[in-house]
Amino acid sequence: MSPFELAEAASLPEAIALLDTENARALSGGTALMLMMKAGVLRPSRLVSLRKLKLDEIRADGELRIGAMTSLRALERSGEVKAGWPAITRTLRTLSNVRVRNVATVGGALAHADPHMDLPPLFTALGARVIIAGPAGERSVPVEALYAGYLENTLTRNELITHVTIPPMGKRRAAYLKCTTRSADDWPAVGIAVLIDGGDVRIVLGAATDRPTRLVAAEKLLRGKPDDPRALKEAADAAAEEAKIEGDLHGSAAYKKQLVRVYLQRTLHEARRPIH
């Protein structure tokens, strides 16, 4: 691992100022960052620790508001999240292992921009937005706007995610399912998130593309008939063909296409199951 300076920010403005230098990186949970540094993929000259920033709130007052420094384990164990957004709780149960979830943070999981992450496709389906702070103030963007490509986000070097906001579910239903080639908490070969809102369906593909990808053609085929078996079969076939699916060590492109066909149908069935 290359030498680096460790700076600990006491406030958000200080963190933004410390990041405004060449080759600086924010350090939240560090679960992915440290592995990439040990492998020599990243060689930052400065790490800016965010642990003193008070960004670990979980608040549900209509919409759900999650601080960027909230650990995945805290989000998983939140009673408010389980009651109002149960798909998030179910997804977190197989997101890596409990040791990682105790340390990894929501903001880090989003900013990392690894397409195999479970939360970005689910948050995209749920209509989540991220609040980003920088020298010019705050801006709000949809989660999907964070991603430019494989391990590439759209944040400037002196910007930080501070919060995530998710609209209330109401009568909408959602689910996320993934297919792993080893244990249930492993990186997925394919992950699919769906949101059913009356007759409309939102479908987001993860792990098979270089960023979370809306499957618009499949959505159109299901519009007004999300329970129609024939429409579901047609949508599954369309989903497998419309995205630029990429093979990797978790499976070939052809294998992942078949997984998309199968898991789109399974995820829609999962979203319609009664909530316990």
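Modeller: The structure is a predicted model. A113 is in the loop between α7, residues 106–111, and α8. Its phi is near 65 degrees, which is a positive value in a residue other than glycine. A113 counts as buried because its relative accessibility is 4%, and the cut-off for buried is under 20%.

Take F123 as an example. Leaving out residues up to four places away in sequence, F123 touches I66, I88, V106, L110, A128, V143, V164 and I166.

A207 lies in the loop between β13 and β14, the latter being residues 213–214. The phi of A207 is near 75 degrees, again positive in a residue other than glycine. A207 is buried, because its relative accessible area is 3%.

β13, residues 200–206, is one of the elements that the buried residues of α11 pack against. The others are α5 (86–92), β11 (173–180), β12 (188–197), α9 (216–222) and α10 (229–242). Helix α11 covers residues 253–272, which is 20 residues. From its first C-alpha to its last, α11 reaches 29 Å, close to the 28 Å expected at 1.5 Å a residue. Its buried residues are K256, L259, V260, Y263, L264, T267, L268, E270 and A271. An α-helix has 3.6 residues a turn, so residues three or four places apart point the same way.

A271 of α11 has a relative accessibility of 2%, and therefore counts as buried. Neighbours within four places in sequence aside, A271 is in contact with R173, A174, A175, V194 and I196. A271 and K233 are 38 residues apart in sequence, and their C-alpha atoms are 16 Å apart in space.

Elsewhere in the chain is an open sheet of three strands, in the order β1-β3-β2, with parallel pairing. Its edge strands, β1 (5–8) and β2 (24–27), each pair on one side only. From one strand to the next the twist averages 25 degrees. Four bridges join β1 to β3, residues 46–49, and A7 has V48 as its bridge partner in β3. Another four bridges join β2 to β3, and R25 stands opposite L47. Between these two strands the chain passes through α2, and this β-α-β crossover is right-handed. Helix α2, residues 31–38, lies across β2 and β3 and runs at about 140 degrees to β2.

In a regular strand the side chains alternate between the two faces of the sheet. Both faces of β3 are covered: R46 and V48 are buried on one side, and L47 and S49 are buried on the other.

Note on methods:
Residues are numbered from 1 along each chain as its sequence is written. This is a predicted model: local features need pLDDT of at least 70, side-chain atom pairs count only at pLDDT 80 or more; totals for chains, interfaces and linings use all residues. Side-chain values use heavy atoms; hydrogens and water are left out. Contact means heavy atoms within 4.5 Å. Two strands pair if DSSP finds at least two bridges between them. Axes are lines fitted to C-alpha atoms, for helices over the stretch in contact, and angles run from 0 to 180 degrees between N-to-C directions. The expected span of a helix is 1.5 Å times one less than its number of residues. Buried means under 20% relative accessible area, exposed over 50%, partly exposed in between (1.4 Å probe, protein chains only). A crossover is right-handed if, with the strands pointing away from the viewer, the path from the first strand over the helix to the second runs clockwise.
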